[in-house]
2 protein chains.
Amino acid sequence: MFNKKITENLSKSSFIRAMFEEGNRLKAIYGEKNVYDFSIGNPEMEPPVEVKQSLLDIAMSKEEGMHKYMSNAGYEQTRKAVAKSIKNDYDYDIPYKNIIMSAGAAAGLFVTLKSILNPDDEVIVFKPYFAEYGFYVMHAQGNLKVADCDESFMPDIDSFMRTATSRTKAVIINTPNNPSGVIYPKEVLLKLNEAIRQVEKKYNTDIFVLSDEPYAKIVFDDATVPCVFKCFDKAIIINSYSKSLALPGERIGYIAVDHKIPNAELLLNICIFNTRTLGYVNAPALIQRVIQQSCEAKVDVEDYKRRRDLLYNHMIECGFSIKKPQGAFYLFVKSPVEDEMEFVEKAKEYNILIVPGRGFGMPGYIRMCFCVSYETIKSSLPKITQLAKEYFK
Amino acid sequence: MFNKKITENLSKSSFIRAMFEEGNRLKAIYGEKNVYDFSIGNPEMEPPVEVKQSLLDIAMSKEEGMHKYMSNAGYEQTRKAVAKSIKNDYDYDIPYKNIIMSAGAAAGLFVTLKSILNPDDEVIVFKPYFAEYGFYVMHAQGNLKVADCDESFMPDIDSFMRTATSRTKAVIINTPNNPSGVIYPKEVLLKLNEAIRQVEKKYNTDIFVLSDEPYAKIVFDDATVPCVFKCFDKAIIINSYSKSLALPGERIGYIAVDHKIPNAELLLNICIFNTRTLGYVNAPALIQRVIQQSCEAKVDVEDYKRRRDLLYNHMIECGFSIKKPQGAFYLFVKSPVEDEMEFVEKAKEYNILIVPGRGFGMPGYIRMCFCVSYETIKSSLPKITQLAKEYFK
């Protein structure tokens, strides 16, 4: 009666969202404080004070026309502010016309995929990867192909070469990575670019790198995120302010198309057309104005570091095996039993909500978000100790 | 190199948007006041005072977590407020769970089409129709079929019967209509429902009516808009606050699925899944809160009426032929020459920007928006007189 593909897909919907809803159910039974919900990357932090001030300034402004349609690509002033922030962050000059404001990274990814893929084209991701990519690719009539990572969660280039075909049209990378927290260093990106060049040459095709970077500003211990424009021939940055400004409900981000991509202007026009005709029309006006004023602000990363350290150190003490995350706000933990679903269920008995690794293409692991409050992490520690004792004697 | 279908479609992109950009170009040359831009439905009016106050209250609020993710369907409180407003407006009880907040009507339509269509299913619209429907249907892998209207711009039921096939899955209606301003009366809707039943019976199919109602609150001369839930077996309302609250840049609206649709709950789950996986994730949080407080507010319709009357009366005096609009903020004017493109070009010589009827499936007409300022309309009148003299001696 309805769309068949989606009806079938409903059941294998989001583990993360399912856990989020489960969390709400448990909180209603046991009380908010007695449920340790590490499931969804829904930052507990408030937006930075600059963002709150921008919002107030806009709400108090007598300026007319602030809520009208603008060009589908967004306000020129906002796009200029974003281009300037890319220059500041990466020392890379990008014309503001190559920036399209989008309703978050999810919208940015979908718009871009819809713009570059033809039906049955393939998109490669590396394990572990954010499961939603599969749905964006599906809706864009493409096919997701999963390449392996090595034991440090870095892209396995040999696996990439085996996965790539004449239909490969894009590679999505996500660094700092959700869920592993690793940052791909420049050498790795350059190697990947070299591999992409070989595939392009072999099949006489074009392969775009979509770099999904919502965590680029949430990095620890002096780690830095390389500029993909400097590493790839055909990179498109998809970004979101959901994490860096703690605004996930507001849906704001951007697409930045490197001007050295051949026919970049045509690609931009297609992306703008798709922004309109996929029903986004434009990124929300009011939040675009906030971004114009505050896109260089960010949440308190030191605060995230304290949370990471508290949870990471305790988990390690308890005997869990984890690669220490350099960025983002997730721990990707080796499940103490082979079937991580069993571990997820066991954790639920302690009111600890975590997400199975199979949701990220890696069974045998689980993901925990440390974007919950410091207090929540602190009060979860005795429960984590008890949970650990079920496995580590 | 990019998506072929879209690359081909770029050139036949939006007449309306093209005119909007042309308007910006002309304004830069001749000055804002000397260009009479009747092209895009971008309300010049400011949002009602209630909306501005809600926004200020929210910006000043110390409440925490206002910008976080919520359920993909939107805030429960906002959905309840919308259900209540439907009850108030239409005296129809709809459970709040049947409301999904969407990023405007464009998003609501695309999400719904993606939820009900299977590839190559057909969607029927009646002339004249909003051209964007064609793109939403295309992106949902469906085919748009256009049925005729009668000389009053009412749906031609015989034409509908000839257009419907075993692949017909949906009918989009838009009343008050953009561009004609007509409201389909209850008898017409009931007749259409009867025709739909016949087609469903003939082919043993299900056909949904998507009622796109952004202008439902902008009606003149005591006209009323019938409740589609009372007229159709399987109706879904797609609404937007872009026009009623003059917030088009903010992207906020909703999908309301009639609970008497068989398997309505499954359909809602599919729509929620698609809201997430088409990259919307959720309608913008902040504006959802504004809607929760102000969804019963509306812009000053009397003000629109004054603008309508000023422009309509003058055009009629000049000799143009127009059906007086009962709602929305457009005049759909019979072109004084057969090829309305010629008329559009001639009007541009007077710095008058209008949109050709072929953009709405009806060559031989043009559309003018009277949501521009009263002053703009007033100062355009001498130019309109001059333009008219080119055709009516």
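Start with Val333(A), which stands opposite Ile366(A) in strand 12 of chain A. This is a predicted model. Strand 12 covers residues 365-369, and five bridges join this strand to strand 9 of chain A. The two strands run antiparallel.

Now widen the view to the sheet. Three strands of chain A form an open sheet in the order 9-12-11, with antiparallel pairing. Its edges are strand 9 (330-334) and strand 11 (355-356) of chain A, each pairing on one side only. Helix 13 of chain A, residues 340-349, packs on this sheet. Helix 13 touches strand 11 and strand 12 of chain A. The direction of helix 13 makes about 40° with that of strand 12. In general, strands of a sheet pair through backbone hydrogen bonds, either parallel or antiparallel.

Step back to the whole of chain A. The chain has 14 helices and twelve strands. Its C-alpha trace spans about 60 × 60 × 55 Å along the principal axes. How does the radius of gyration of chain A fit a compact globule? For 393 residues, such a globule would have a value near 21 Å; chain A has 21 Å, so the two agree. Buried residues make up 55% of the 393 residues in chain A. Take the contacts in chain A between residues at least 6 apart in sequence: 74% of them join residues at least 24 apart.

Next, the backbone details. A cis peptide bond joins Lys127(A) and Pro128(A), with omega about -15°. Pro128(A) lies in the loop between strand 3 (122-126) and helix 6 (132-139) of chain A. Turn to chain B. There, a cis peptide bond joins Lys127(B) and Pro128(B), with omega about -20°. Pro128(B) sits in the loop between strand 3 (122-126) and helix 6 (132-139) of chain B.

Two residues of chain A deserve a look for their phi angles. Phe153(A) is not a glycine, yet its phi is positive, about 65°. Phe153(A) is in the loop between strand 4 (143-147) and helix 7 (157-163) of chain A. Asp221(A), also a residue other than glycine, has a positive phi near 55°. The loop that holds Asp221(A) runs between strand 6 (208-212) and helix 9 (228-231) of chain A.

Is Phe153(A) buried or exposed? Phe153(A) counts as buried because it has 22 C-beta neighbours inside 10 Å, and the cut-off for buried is 20 or more. Asp221(A) has 10 such neighbours inside 10 Å, so Asp221(A) counts as exposed; here the limit is 12 or fewer.

How values were computed. Residues are numbered from 1 along each chain as its sequence is written. Chains are lettered from A and ligands numbered from 1 in the order in which they are written. This is a predicted model: local features need pLDDT of at least 70, side-chain atom pairs count only at pLDDT 80 or more; totals for chains, interfaces and linings use all residues. Helices (H or I, at least four residues) and strands (E, at least two) are DSSP runs, numbered from the N terminus. The radius of gyration is taken over C-alpha atoms; the globule rule is 2.2 Å times the number of residues to the power 0.38. Two residues are in contact if their C-beta atoms, placed from the backbone, lie within 7 Å. Two strands pair if DSSP finds at least two bridges between them. Axes are lines fitted to C-alpha atoms, for helices over the stretch in contact, and angles run from 0 to 180 degrees between N-to-C directions.
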